[in-house]
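Please look over the two-chain complex shown here.

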Amino acid sequence: MAADVHSKGVTWDTPNGNLAPVEHLPNSRSESPTPGLVEGTEPGAGQERAMFVHTQSFEDLTADVELTGSRPSETEEVEEKEQQREGEGGGGADTVDEPRQDVQAIVREKEEDVTSETWRSHKKHVFVLSEAGKPIYTRYGSEEALSTTMGVMMALVSFVEADKNVILSIHADGFRVVFLRKSPLVLVCVSRSGQSDGELWRELHYVYYQILSLLTLPQLQRVFQQRQSFDLRRLLAGSERVTAGLLRLLETDAGLMLNATMSLPLCSTTRNIVCTSLQAASSKNLVFSILLAGNRLVALIRKKEQHLHHTDLHLLSNLASSSSSFRQGEGWTPVCLPKFNASGFFHAHISYLEPSSDLCLMLVSTDREDFFNLSDCKQRFLERLKKRNAYQALKEALHSPTYPVSQVGIPELWHFVYKSKSSGLYTSPELPVPYRTEEEQERLMELYQYLHSRLHHPTRPLRSIYRCTNTENLLAWSTSGFELYLCFSPLATKALAMSAVTKLLKWIRKEEDRLFILNSLTY
Amino acid sequence: MTAMRVDAKVVMLGKESVGKTSLVERYVHHRFLVGPYQNTIGAAFVAKSINVGDKVITLGIWDTAGSERYEAMSRIYYRGARAAIVCYDLTDNSSFQRARFWVKELQTFEEHCKIYLCGTKNDLVEGDRSARQVDFHDVQDFVEEIGAQHIETSSKTGNNVDALFMKVAEDFSNSAFELLPEEKGVNLDPKKNSYLYTCCHH
């Protein structure tokens, strides 16, 4: 039967002594003592060591991709596209990504005719194929129907590789076709959003890591070593929702762009009780205890010397939210944290504190027999939380998972994203009225992504950028301590924007207890 | 250990989308969720107490994912199980072939595990006889051959669902419970579990 594919020596367990490859440990904190705010002293900086692996930004994700020369006309290009999009903006009938009906949407997307105009008009396609050119995943339509298309993609890749070269991207007719080669897989993104190649690579990396998190790298390599024409869809069956959720998240969640996590605003007393209760509910093989409210972090406890990577946390959080099965009982699943160690599985106990609650507890262990131990940890955590009267406070905090930007007291400021680099956490107010619709939300994200890609340009990075459009004025600023993206009303001036930064930083400093997790606890 | 006591470990096995989760959902929460199909990721555990005569038996039900990806993992879910509910979809013949695979697997590795073959989605074949792809008598023959039990259920209407789990609990109560007077409740550590079987049955 089909069982032979992974019977041979799969490493289900991560050897305890060797949890992280050495190079993943945060050994290089940025040392630039530039004027302004130095890392570690910015608002929101952790008081002790950071709980996350230190990442600059998406350089870290794309470090192994060689980005080639500069593109002189980039700025104009983006402006131009923006106008195009404004032109067609009213229609907006091209996507079916309704978050509330996402599941039906996925089903519909899979049945979509790949020769139809609607299929062609999707803003962003993502394809995954094997080196034999066999389809593994497509975001829209069915894989079978696309075998010719994917064959062409593989032909392009091989053709360039035959000359000892690597195909990175093709720009044509308002489209960008971006290739990511991760043997034994090839990932391709076809996009007509204004995103830069770097941003699209980052998204493809996420899809790649998503696949690794289900299979581990050795298993992925082994199945293709055994048979080059292996149909990987067999092993990925049932993960379509997870991948679709991830792609959706990449379009809406700034945390995946910034390599940072947003924490749930919570008063510091409650947070401390939650953290210490979680810390006390430990078990021998536990590596990470993560409490999430939706995609917001409430508490993270880790084993000494072990750091979680943001990518892994986003993958975990997406995994939990993409199946309702965790609400029906206690979930127990192998999961690979690819940035931590791509070669082995952890075992995650995933459950909601209450069936109807948004509070999801993930306990990550190295031992696959640990289920009942971890189930017990959860009970102890919950009991302690209730005994210390923090559970009610925590549930109340869920009613206001975000805050209006008006709290800052700058009338022209519409929205902002602030990332503290040393803690790896970011904060952002709720989206104000002009950005409540899905298209506008995506448009704002794309503007931020554009600023982000300019700040982190591989050859010509900027420290700050001020940009005016018809509908808003934007400012982005990166120091060694923080990264800040601001969105102002179009009537705001540059001088006002600059003074707003100071005021905002003061406000964040004042609120940092509530907005950030300042203590990083270990077991 | 303060965790719940589980008397009998019950594992749900079968091809993906045959309705294992729906069956558990109907039994434990008395509901049938209409809506798009949701894959189980890994496995989900839920404990449920049931009255058998004057005894209370807690079934620890492991609802496993049907995806092939988790196949190599499945042993940790069914190891030490007292009962396995192997599900197949009455309207899908390939799911019955898959069920045969699980039966073989269980016979090889868990000889003390009672097998219950469960044909799901009974409501679909009741309305439309031509929808049936797995013949009742064929399964009956197979079941007799392997010494298992056979039942057809519908999680949508609730037909036979309680009866199935009741049967599992009764069978457990009649067999192992008396054999282990000292050791009421199966030790929760699956490693010791298998040890416990070897010393009790041989």
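In this predicted model, chain A contains an open sheet of six strands in the order E6-E13-E12-E16-E15-E14, and the pairing within this sheet is mixed. Strand E6 (261-262) and strand E14 (464-468) of chain A are the edge strands; each has a single partner strand, so one side of each has no neighbour in the sheet. Further in, strand E15 (residues 473-478) and strand E16 (residues 482-488) of chain A run antiparallel and are joined by six bridges. One residue pair to look for here is A:Ser478 with its bridge partner A:Glu483 in E16(A).

Another antiparallel pair in chain A consists of strand E1 (residues 124-130) and strand E2 (residues 135-138), with three bridges between them. A:Phe127 has A:Thr138 in E2(A) as its bridge partner. The two strands E1(A) and E2(A) make a hairpin with four residues between them, and in the turn A:Gly133 has a positive phi of about 85°.

Most residues other than glycine have a negative phi, and most peptide bonds are trans. The peptide bond that joins A:Ser183 and A:Pro184 is cis, with omega about 5°. A:Pro184 belongs to the loop between strand E4 (175-182) and strand E5 (185-191) of chain A. A:Glu305, a residue other than glycine, has a positive phi near 70°. This residue, A:Glu305, is located in the loop between strand E8 (296-302) and helix H12 (310-321) of chain A.

Next comes the interface. How many residues does the contact take from chain B and from chain A? Chain B gives 37 residues and chain A gives 38 residues. The size of an interface is often given as the accessible area lost when the parts come together. Between chain B and chain A the buried area is about 3,300 Å², and carbon and sulfur atoms give 58% of this area. Of the area that chain B buries against chain A, 23% is supplied by B:Ile41, B:Glu68 and B:Arg69, more than by any other three residues.

Two salt bridges are found between chain B and chain A. In a salt bridge of A:Glu369 with B:Arg79, the closest N and O atoms are 2.2 Å apart. Eleven residue pairs across the interface of chain B and chain A are in polar contact, both residues being at pLDDT 80 or more. On the side of chain B that touches chain A, the elements that give two or more residues are helix H1 (20-29), strand E2 (43-52), helix H2 (74-78), helix H3 (93-109) and helix H8 (190-201) of chain B. E2(B) provides the largest share of that side, four residues. By class, the residues on the side of chain B that touches chain A are 20 nonpolar, eight polar and nine charged.

Strand E2 of chain B also pairs with a strand of the other chain. Strand E9 (residues 330-335) of chain A and E2(B) run antiparallel, with three bridges joining them. Here A:Glu330 has B:Phe45 in E2(B) as its bridge partner.

How far can the model be trusted in detail? For the complex, the predictor gives an ipTM of 0.83 and a pTM of 0.83. Chain A has an average pLDDT of 82, with 81% of its residues scoring at least 70.

Chain B averages a pLDDT of 84, and 85% of the residues score at least 70. Its residues 180-186 have a pLDDT below 50, and this stretch has 13 contacts beyond near neighbours in sequence. Over residues 190-202 of chain B, pLDDT again stays under 50, with 18 contacts beyond four places in sequence. Where pLDDT is low, the predicted coordinates should not be read in detail.

Definitions and conventions: Residues are numbered from 1 along each chain as its sequence is written. Chains are lettered from A and ligands numbered from 1 in the order in which they are written. This is a predicted model: local features need pLDDT of at least 70, side-chain atom pairs count only at pLDDT 80 or more; totals for chains, interfaces and linings use all residues. Side-chain values use heavy atoms; hydrogens and water are left out. pLDDT is the predictor's confidence in each residue, from 0 to 100. Contact means heavy atoms within 4.5 Å. Buried area is the accessible area (1.4 Å probe) that two parts lose on being put together, summed over both. A salt bridge is a side-chain nitrogen of Lys or Arg within 4 Å of a carboxyl oxygen of Asp or Glu. A polar contact is a pair of N or O atoms within 3.5 Å; within protein, one must be able to donate a hydrogen and the other to accept it, and residues adjacent in sequence count only if both atoms are side-chain atoms. Ala, Val, Leu, Ile, Met, Phe, Trp, Tyr, Cys and Pro count as nonpolar, Asp, Glu, Lys and Arg as charged, and the others, Gly among them, as polar. Two strands pair if DSSP finds at least two bridges between them.
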